[in-house]
Amino acid sequence: GGAAFKPLTVSVPQLRIGLQRMADFFADWNTRFIPQLEAHRNNEALMFLSVHIPMLRHALEDAGLNSLTVGQITEMLEEQSAEALEWQGLYHEFVWKMRDMVNELRRRWPALNQPSADAGNELVRDWIRQAQELTLG
């Protein structure tokens, strides 16, 4: 017999939503955060993100994700298909990396756990909030 599929741990509709959120997240980073990086070049936490987010994006693109294809991908996904399992793996990897980044930020810069007058820190806190919403899906 053929190799048995591992079952999907998220439903295909959930996976579609997750992949779309993932694409939106990167788009938002480009439009909302990147324009503000220059003004906060001295903020180490923000610089950490400015290095790690493109790395994550490249890793995902190497694995086959780019924002243009998300719509096409979600149409192709069928229950229990090999593709769905692959995309689920990619999404879980993304979620894991996001959680990792949030934990690392909080470990290195404990000040991020409290509101502050530092606009750069508030930007990072905003990013953390977004990342946490994203990982719940």
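So, is Asp-28 buried or exposed? Asp-28 is buried, with a relative accessibility of 17%; buried here means under 20% relative accessible area, exposed means over 50%, and partly exposed is in between, using a 1.4 Å probe and protein chains only.

Quick housekeeping. This is a predicted model, where local features need pLDDT of at least 70 and side-chain atom pairs count only at pLDDT 80 or more, while totals for chains, interfaces and linings use all residues. Residues are numbered from 1 along each chain as its sequence is written, and side-chain values use heavy atoms, with hydrogens and water left out.

Okay, salt bridges. We call it one when a side-chain nitrogen of Lys or Arg lies within 4 Å of a carboxyl oxygen of Asp or Glu, and that rule gives nine of them.

Back to Asp-28. Its partner is Arg-32, with the closest N and O atoms 3.1 Å apart. Both sit in helix α1, residues 12-37, four residues apart, so about one helical turn separates them. (Helices are DSSP runs of H or I, at least four residues, and strands are runs of E, at least two, numbered from the N terminus.) Arg-32 is partly exposed, at 33%.

Now helix α5, residues 119-135: Asp-126 and Arg-129 are three residues apart there, again about one helical turn. They form a salt bridge too, at 3.5 Å between the closest N and O atoms, and Arg-129 is partly exposed at 40%.

Here's the bit I like: Asp-28, Arg-32, Asp-126 and Arg-129 are linked in a network of salt bridges.

And one more pair: Glu-38 bridges to Arg-41, closest N and O atoms 2.3 Å apart. Glu-38 is exposed at 55%, and Arg-41 is exposed at 54%.
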